[in-house]
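Student: I am new to this structure. Please take a close look at one part of it, and then connect that part to its surroundings.

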Amino acid sequence: MNKILAAVIAIAVIVASVALYNRDAFIEKPKVEAAAASTATPAAKSDDPIIASVNGIPIYESDVGMLYQSLPEQYKRMQIQMIYGQLVSAIIDRKIIAQAAIKDGLEKEDQVQKRIRFYLEGVLQDRYLSLKVEKEMTEEKLRKIYDEMSAKQTPGDEVHARHILVEKEDTAKEIIKELEAGADFVELAKTKSTGPSGPRGGDLGFFEHKSMVPAFADAAFAMKAGESSKTAVKTEFGWHIIKVEERRPGKNPSFEDMQVEIRTNVGQKVSKALIEGLRKTAKIKHFDADGKEVKPAVATENKPTDEKPEAEKKN
């Protein structure tokens with residue numbers, strides 16, 4: 001890896017470190033000293049092994065993973081192994097600086113304590129919600145939700161089609177004449193289609209009506225198996241000659257295909273219900289800049305009105 005790339009990654013790592021939950025920030029001086037005495041040698045086997053230490057304070061494999069996950073997206077395109085050394089080095093630097101700061105008593109400063117509380121609350125929030133949500137993620141409940149969703153859905157038919165895409169209508173008309181004269185659709189698609197499916201003989205596989213642009217879908221689904229276009233279909237991509245190979249009844253996605261979506265929906269609902277429930281029992285007060293208690297601003301909802309818009313009044 002060249003020096004410029006290494007420097008860029010180093011900067012990204014430093015930026016990410018600011019937002020990363022730092023377990024050392026919550027360790028008081030006596031705890032740091034005690035840890036240094038007890039962690040000089042890493043355990044032989046662990047699910048979260050110690051991969052380095054700074055003055056006896058361990059650096060865990062999970063620290064590297066957390067720092068990697070906090071990087072900007074463009075750096076996470078690289079596998080963690082490619083920048084593993086830079087990540088470990090950044091954590092070492094951070095621990096050295098953090099230990100020096102603690103030695104100077106900076107952890108007692110008000111602004112530092114505020115930031116620690118802020119990030120600690122975020123970590124606790126994530127952990128609390130994840131534990132509560134996970135309890136609701138039983139196989140039985142997820143499958144029940146899947147069954148309910150499937151019962152409400154009526155899958156449409158699917159079509160297996162090929163197409164030949166060209167830029168001009170005149171070219172499309174010439175191809176249709178060749179097909180009517182007995183030319184092979186697959187071979188014409190391979191030689192004349194400008195679409196990415198051309199090398200595959202224009203094969204688009206099976207698809208639902210909603211998967212394609214309306215004009216193309218309407219034409220394809222109006223055709224029987226074995227039929228090809230008598231007239232070209234115009235879309236924003238160009239002119240299409242379509243051939244329908246097969247038709248079949250659609251089917252709902254499998255439980256495995258839907259599981260991520262279901263888990264996401266359940267997680268959002270459970271989290272929302274938990275927060276709303278906790279808010280009901282919490283004593284919440286709002287204050288203005290002068291410290292005077294005020295009523296919280298309530299967002300106004302759009303309600304129907306009999307008042308007509310000005311433009312409508314004039315007409």
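**A charged pair and its setting**

Tutor: Start with K114, which is partly exposed, at a relative accessible area of 46%. Here buried means under 20% relative accessible area and exposed over 50%, with partly exposed in between (1.4 Å probe, protein chains only). The model is predicted, so local features need pLDDT of at least 70 and side-chain atom pairs pLDDT 80 or more, while totals for chains, interfaces and linings use all residues. Residues are numbered from 1 along each chain as its sequence is written, and side-chain values use heavy atoms, leaving out hydrogens and water.

The partner of K114 is D110: their side chains meet in a salt bridge, with 3.2 Å from N to O. A salt bridge is a side-chain nitrogen of Lys or Arg within 4 Å of a carboxyl oxygen of Asp or Glu. Side chains of opposite charge can pair when their charged atoms come close. K114 and D110 are 4 residues apart in helix α6 (residues 110-136), so about one helical turn separates them. Helices (H or I, at least four residues) and strands (E, at least two) are DSSP runs, numbered from the N terminus. D110 is partly exposed, with a relative accessible area of 49%.

The side chain of E134 meets that of R263, at 4.0 Å from N to O. This pair links distant parts of the chain, with E134 in helix α6 and R263 in helix α11 (residues 255-281), 129 residues apart. E134 is partly exposed at 48% relative accessibility, and R263 is partly exposed at 30%.

Next comes helix α7 (residues 139-152), where R143 and E139 lie 4 residues apart, about one turn of the helix. They form a salt bridge whose closest N and O atoms are 2.9 Å apart. R143 counts as partly exposed at 35% relative accessibility, and E139 counts as partly exposed at 44%. A network of salt bridges links E139, R143 and E256. The count of salt bridges comes to 11.

Now the sheet. The order β4-β3-β6-β5 describes an open sheet of 4 strands with antiparallel pairing. Its edge strands are β4 (203-208) and β5 (233-235), each pairing on one side only. From one strand to the next the twist averages 45°. Two strands pair if DSSP finds at least two bridges between them. Strand β3 (residues 158-166) and strand β6 (residues 238-248) run antiparallel and are joined by 9 bridges. V166 has W239 in β6 as its bridge partner. In a regular strand the side chains alternate between the two faces of the sheet.

Helix α8 lies across β3 and β6, at about 40° to β6, and α9 lies across β3 and β6, at about 45° to β3. Such axes are lines fitted to C-alpha atoms, for helices over the stretch in contact, and angles run from 0 to 180 degrees between N-to-C directions. Contact means heavy atoms within 4.5 Å. Helix α8 (residues 169-180) packs on helix α9 (residues 185-192) at about 155°, their axes 10 Å apart. That angle makes α8 roughly antiparallel to α9. Angles under 35 degrees count as roughly parallel, over 145 as roughly antiparallel, 65 to 115 as roughly perpendicular and the rest as oblique. In this packing I175, E178 and L179 of α8 meet F185, L188 and K192 of α9.

Elsewhere, helix α3 (residues 61-69) and helix α5 (residues 84-103) pack at about 105°, with axes 10 Å apart. These two helices, α3 and α5, are therefore roughly perpendicular to each other. Residues making the contact include V64 and L67 of α3 and L87 and V88 of α5.

Strand β1 (residues 50-54) pairs with strand β2 (residues 57-60) in the antiparallel sense over 4 bridges. S53 stands opposite P58 in β2. The hairpin has 2 residues between the strands, and N55 there takes a positive phi near 55°.
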